[in-house]
Amino acid sequence: MRDMFAQDSDRFSRFSLQVDDLFLDYSRNRMTDQTIQLLCNMAQQHNLSQRIEALFNGEAVNTTEHRPALHTALRDTNQNAVSDLVVAERARLYEFVNEVRHGKFRHIVNVGIGGSYLGPLMTTHALKEFASPNLNFYFISCVDKAHLDEVLAHIDPETTLFIISSKSFTTFETLLNAQILKRWMEEKVGKNAVSNHFVAVTSAKDKAQAQGFAAERIFPVWEWVGGRYSIWSAIGLPLILMIGTQGFDEFLAGARAMDEHFRGADFDKNMPVLLALLGVWYTNFFEAGAHVIAPYSQRLRYLIPYLQQADMESNGKRVSHQRELLPYQTSPVIFGEAGCNAQHTYHQLLHQGTRLIPVDFILVKSPENTQQDDVLFASAVSQAQALMSGEAHAEAHRTLPGNRPSNIILLNQLTPRSLGMLLALYEHKIFVQGVIWNVNSFDQWGVELGKQLLPRILSQLEGKGDDPALMGLIKQYRGT
Ligand code: F6P
């Protein structure tokens, strides 16, 4: 790469791209124009254009569950089979949001896990500057008494709204936490706690009703919206409460702008396609097993777990659509840390370790241009430069080999719109990789066995099972 930059003063302008509020500099990659051309040809051979249309047109792209993945329809309500439904339910949701924003609630507790947690957590953290001043947000995801007690210590029951968010309404952690919280609230505010202080977001209305939720307190997320793609639905309720309906509309519009770009741009000028192909390039041609997400913005710190679920739950697969074992690698391990912190933890390995690990640096332009903003920008760029150029040294332990790839994604401020664009960018990147790898990016069968084993282990803890392999461990745990 050092040589490529030295020989080509135009490299930055040829390998960078502006789409609306997002700018991508992908010049620090091991590639030439020909590499990009060949990768684009490969995408064509995988019928990527048709597959993109199939996604947007609501074909059953989730082949194991025989359903579409129509998260894009949640941000384009103009002309599709589900738009009437989406428009009607969003109107009902917005009405509720406006009531809450002008009502007595001051504390909002989101109870949910996975996609029913990470999207709301990440976006409400990212867009705090756009928050309504009166609401405080809390998140309960895992089953952990210490965490739950900590949240309860902060809230005032009389002015707290609980959002029980679970697409399936069968997720053990969420249902247990909901049960504990309902009991706690009934003790605090009386028997009308559920009807006055709880709402549910789910695709299983019947299950929520069976748990005491009235129909008008249930907001839908549909079967055709995957959990990790659900922030655009009522799962985004905490975000809508925080930034208001207009702010949420801008968030949706940002994603829609990226959808339009993805659908319309040629592959070699298509931001999600380019990021996806470069990812495939490193995963399958250079055996890169990991990929770093490095947001240089504390506001974007939860983007890392969000993208871990988005990417690894989508493409962490080992069989093809035809149910055959794949002879090549799929999703890399996604990890990261916000800002300069990463430089002081694992960047040593990125610069001098034995593995090739590409990095996405995500930077945010600040309107103020403070000294801290400049230092953040310069820190990220110096890391990207050092990874690319390396440094020769007489002593081996001080030599940095360089030639290590990275992308720089620059957001034109952190706004609902630019965040919407960024999330849609990664959704589509992941989709394209799923197409190239020929995997179903929209199921997650791998998590099922653990869910099934949980009740069995619980009964053994209660002395009802007798799996000899677990006896020793259970005795240790019980201290018996
Ligand atoms: O981790 C498995 C999973 O099914 C995720 O795909 C999902 O986001 C999460 O559990 C929570 O599921 P639910 O919203 O149905 O509670």
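What follows describes the surroundings of the ligand and then the salt bridges.

The model is predicted, so that local features need pLDDT of at least 70 and side-chain atom pairs count only at pLDDT 80 or more, while totals for chains, interfaces and linings use all residues. Residues are numbered from 1 along each chain as its sequence is written, and side-chain values use heavy atoms, with hydrogens and water left out.

The ligand is surrounded by 14 residues (a residue counts when one of its heavy atoms lies within 4 Å), and the closest are Ser116, Ser166, Ser168, Thr171 and Glu313.

Among the polar contacts (pairs of N or O atoms within 3.5 Å), a polar side-chain atom of Glu313 lies 2.7 Å from an oxygen atom of the ligand, and a polar backbone atom of Lys167 is 2.8 Å from a ligand oxygen. Gln309 places a polar side-chain atom 3.2 Å from an oxygen atom of the ligand. The ligand taken alone exposes 390 Å², of which the protein buries 87% (accessible areas by the Shrake-Rupley method with a 1.4 Å probe).

Turning to the charged contacts, the structure holds 16 salt bridges, each defined by a side-chain nitrogen of Lys or Arg within 4 Å of a carboxyl oxygen of Asp or Glu. One of them joins the side chains of Asp33 and Arg14, with an N to O distance of 2.5 Å. This pair links distant parts of the chain, 19 residues apart, with Asp33 in helix H3 (residues 33–45) and Arg14 in helix H2 (residues 11–14), where helices are DSSP runs (H or I) of at least four residues, numbered from the N terminus.

Note on methods: A polar contact is a pair of N or O atoms within 3.5 Å; within protein, one must be able to donate a hydrogen and the other to accept it, and residues adjacent in sequence count only if both atoms are side-chain atoms. Helices (H or I, at least four residues) and strands (E, at least two) are DSSP runs, numbered from the N terminus.
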